[in-house]
Amino acid sequence: MLIDRLIGSFSKDVAIDLGTANTIVSIKGEGIVINEPSVVAVHSDKHGYGEILAIGREAKDMEGKTPHKIEIIRPMRDGIIADFEMTERMIRFFIEKAYKRKSLIRPRIMVCVPYGLTGVEKKAVKESALAAGAREVYLIEEPMAAAIGAGLHTEEAQGNLVIDIGGGTTEIGVVSYGGLVISKSIRVAGDKFDTAISEYVRKKYNLLIGERTAETIKIEIGSAYSLNEVLVYQVRGRDNVSGLLNTIDLTSEDVREAIKDQLKAIVNALKDVLEKLPPDLSGDIIENGIVLTGGGALIRGLDKYISEIVRLPVWVAEEPLLCVARGTSKAMEDEKLLQELAIN
């Protein structure tokens, strides 16, 4: 125990929000030090992967613009590890970048994961972090981290409901007495929005666009509710019929139509959670409402859209993109929370 305490005094704990779209790294006492896309650019040939060319933002900038010998990899898909080797190398890169040097003493690491991961998936996350240089690895479930990061009073005898819409999964959780009472995870989130937008543009306008363009459209004019002023965005791509390059004007109404099925899936998941609420918690949710976190919370009018359907107050957390990362960091810094919330 004495040795453990001595080691702990010389190493800095690390919290990682290992997201499908972005990886956010926090260091104890320093806060968020890394916030970059979960993307790796690597040389590839018939023998497999070779030299890594870029990781994070630099790799993301290369997406859709590289020759065939360079492959852009997203190691995380739908909130889980799709490529173990690349995930390990990405985590190692971010840890070393966060420390700005190779630490002599390996850190303890807490990684945020979607609710309901299988034992095999949890083991993959832990092994990836250990291989990247962790001394010990703890896991925390995303709805809990989101609630803590949003500033909800999770330790009190008050029910709070949080919806975290990330890149790969949407996590819905009811938190009370420092734990998850009910939780649900669906693999419908930011990536599915992007795919739906690109498919819609292809079908309606015969225009082929890439993932990056679809994501930009979502950010620039995406909406879940009819806006007072329709937004317009110029989209450039290749005509699927003529093969020539073309430009169209896409509206926020187009995007709303494109993502309507994904929005319905999220609301249906929310209804499932509400139907399972213990009666004594129902009054708390009616009073406290629903908080939205994650990148998806930034879709215009999403709070109003959900509120009208479930007839509950809905609000967007402050800096929703960072809630999960901040919640993970707080849990890592508080030894009591760490022991209570870490999952096997």
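Visitor: Why is Ile91 called buried?

Guide: Ile91 has a relative accessible area of 3%, and buried means under 20%, against over 50% for exposed and in between for partly exposed (1.4 Å probe, protein chains only); therefore Ile91 counts as buried. This is a predicted model, in which local features need pLDDT of at least 70 and side-chain atom pairs count only at pLDDT 80 or more, while totals for chains, interfaces and linings use all residues. Residues are numbered from 1 along each chain as its sequence is written, and side-chain values use heavy atoms, with hydrogens and water left out.

Visitor: Which side chain forms a polar contact with that of Lys218?

Guide: The side chain of Asp194 does, at 3.0 Å. A polar contact is a pair of N or O atoms within 3.5 Å; within protein, one must be able to donate a hydrogen and the other to accept it, and residues adjacent in sequence count only if both atoms are side-chain atoms.

Visitor: Why is helix 6 called roughly perpendicular to helix 7?

Guide: The axes of helix 6 (residues 190-205) and helix 7 cross at roughly 105 degrees and come within 8 Å. Angles of 65 to 115 degrees count as roughly perpendicular, under 35 as roughly parallel, over 145 as roughly antiparallel and the rest as oblique; therefore helix 6 is roughly perpendicular to helix 7.

Visitor: Which residues of helix 7 make the contact with helix 6?

Guide: Ala214, Glu215, Ile217 and Lys218 of helix 7 do, where contact means heavy atoms within 4.5 Å.

Definitions and conventions:
Axes are lines fitted to C-alpha atoms, for helices over the stretch in contact, and angles run from 0 to 180 degrees between N-to-C directions. Helices (H or I, at least four residues) and strands (E, at least two) are DSSP runs, numbered from the N terminus.
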